[in-house]
Amino acid sequence: MRVVSIVGARPQFVKAAAVSRELRTAATEILVHTGQHYDVGMSDVFFDELVIPEPDLNLEVGSGTHGRQTGRMLERIEEVLLEERPDWVLVYGDTNSTLAGALAAAKLHIHVAHVEAGLRSFRRDMPEEVNRVVTDHVSNLLFCPTQTAVDHLGAEGVTEGVMLVGDVMVDAIGLVRDRIDADRLRRLRVDGPYLLATLHRAENVDDAQRLAQALGVLAAMPERVVIPVHPRTAAAMQRHDLTWPANVTPLAPVGYIDMLTLVAAADAVLTDSGGLQKESVLLGTPCITLRKETEWVETVDAGMNRVVDLDAQVAREALEELRGAHNAEIERVFPPGASGRIVEALQGRSSVGQPR
Ligand code: UD1
């Protein structure tokens with residue numbers, strides 16, 4: 001079996017690390033990096049830490065408007081697929097790299113498998129939502145992390161090839177869990193009680209007013225806030241002539257293990273990232289989600305996450321309510337082993353719909 005895996009953005013490197021390990025025991029994997037993320041701190045560090053094999057190809061597409069970035073990827077991925085003629089194209093998540101990989105393959109009648117299928121925010125003004133919906137509708141195997149995701153697909157009439165496999169991010173954390181240690185905090189110069197924040201969603205950082213409101217949420221926190229700053233956010237801060245509030249300590253982007261260490265030791269996480277909501281809940285740290293909705297409703301149902309948008313007052317109340325929250329059942333909600341189930345399904349060894 002030959003599989004072309006397409007990755008391009010930070011969270012995809014993490015997910016591919018878990019799946020790739022299993023995949024390479026059963027198949028020939030050709031790893032394609034679109035080049036959507038290219039800074040050392042946004043890309044290389046993940047490959048090094050997670051011991052992901054060097055990409056076989058880097059398409060070096062870089063940043064750009066949605067059409068230009070996706071168009072460049074489409075053209076180059078098509079060339080790769082014509083050359084490699086794989087049995088499967090494996091795509092992850094909801095980025096422009098995901099959409100380009102899925103579309104290029106579908107048009108060549110090459111089977112597409114989507115890891116993290118079925119997630120929905122029901123907001124078509126989010127680029128990620130458009131990417132997910134289109135990717136799901138051209139995929140042959142749809143690997144869902146949760147029953148909610150399976151149900152969303154069903155509501156859109158997508159039932160064939162849908163499998164509930166669990167979340168590969170659980171496996172990714174498992175790969176590095178024993179390397180999370182306090183020494184990393186010292187190296188990052190983070191000590192004492194703190195809240196960890198991240199902000200990068202277009203809907204929060206591109207618009208000056210929304211970004212100022214997000215800074216207002218951080219400023220209203222009763223503790224120090226540590227924030228590794230995504231380059232999109234750094235650029236927006238400059239463009240809008242905004243400065244970090246006095247209680248906020250900005251850091252350069254950090255690698256995966258440093259990030260998990262920061263999450264595990266924080267009193268709470270404030271974030272607009274999807275992945276971080278799960279990582280914080282899985283590591284036992286409560287989460288406050290700086291968005292209008294979440295795709296990961298299970299983390300809210302588990303009593304570990306609250307969705308507050310950019311309301312400082314509500315965020316403060318959520319922090320006090322969630323302080324010390326704990327859910328011993330979280331492994332039942334997010335069981336490990338998704339990566340193995342995905343590889344079995346690609347090999348045709350597990351019957352669709354009966355993954356467990
Ligand atoms: C992308 C994904 C988003 C995902 C996120 C993870 C899409 C539509 N969005 O958002 O779903 O959660 O990745 O981080 O695919 N930049 C750099 N160096 C880099 C990469 C980006 O400086 O290595 C800057 C550039 O100014 C670029 C901007 O960040 O224009 C945005 O990058 P882009 O890849 O377009 O989207 P993300 O915001 O990273």
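**The largest cavity**

Reply: Val115, Glu116, Phe143, Cys144, Pro145, Val165, Gly166, Asp167 and Val168 line the largest cavity. Before going further, note that this is a predicted model, where local features need pLDDT of at least 70, side-chain atom pairs count only at pLDDT 80 or more, and totals for chains, interfaces and linings use all residues. Residues are numbered from 1 along each chain as its sequence is written, and side-chain values use heavy atoms, with hydrogens and water left out.

On a 1 Å grid over the protein atoms alone, a cavity is a set of points where a 1.4 Å probe fits but cannot get out, while a pocket is an open set with protein on both sides within 12 Å along at least five of seven lines; a lining residue has an atom within 4 Å of a point. Points are joined across faces, edges and corners, and the volume is the space filled by probe spheres set on them. By this rule there is one cavity of 30 Å³ or more, and the largest cavity holds about 40 Å³. Its lining comprises six nonpolar, one polar and two charged residues (Ala, Val, Leu, Ile, Met, Phe, Trp, Tyr, Cys and Pro are nonpolar, Asp, Glu, Lys and Arg charged, the others, Gly among them, polar).

Phe143 from that lining leads us into the packing. It is among the residues with the most contacts inside the largest nonpolar core, together with Leu90, Leu196, Tyr256, Leu262, Ile288 and Leu346; this core has 95 residues. Helix α1 (residues 10-23) gives the most to this core, with seven residues. Helices (H or I, at least four residues) and strands (E, at least two) are DSSP runs numbered from the N terminus. A core is a set of buried Ala, Val, Leu, Ile, Met, Phe, Trp, Tyr and Cys residues joined through side-chain atoms within 4.5 Å, where buried means under 20% relative accessible area (1.4 Å probe, protein chains only). Beyond four places in sequence, Leu262 touches Leu185, Leu188, Val190, Tyr194, Leu196, Pro228, Leu251 and Val254, with contact meaning heavy atoms within 4.5 Å. A separate core of 19 residues includes Met73, Val89, Val91 and Ala102.

Asp309, in the loop between β13 (305-307) and α15 (312-322), counts as buried because its relative accessible area is 18%. Its side chain makes a polar contact of 3.0 Å with the side chain of Arg210 and another of 3.3 Å with that of Lys292. Such a contact is a pair of N or O atoms within 3.5 Å; within protein, one must be able to donate a hydrogen and the other to accept it, and residues adjacent in sequence count only if both atoms are side-chain atoms.

Lys292 also touches Arg123, whose contacts beyond four places in sequence are Glu129, Glu203, Lys292 and Glu293. Arg123 sits in the loop between β5 (111-115) and α5 (127-138) and is buried, at 16% relative accessible area.

Methods. Buried < 20%, exposed > 50% of the residue type's maximum accessible area, 1.4 Å probe, protein only.
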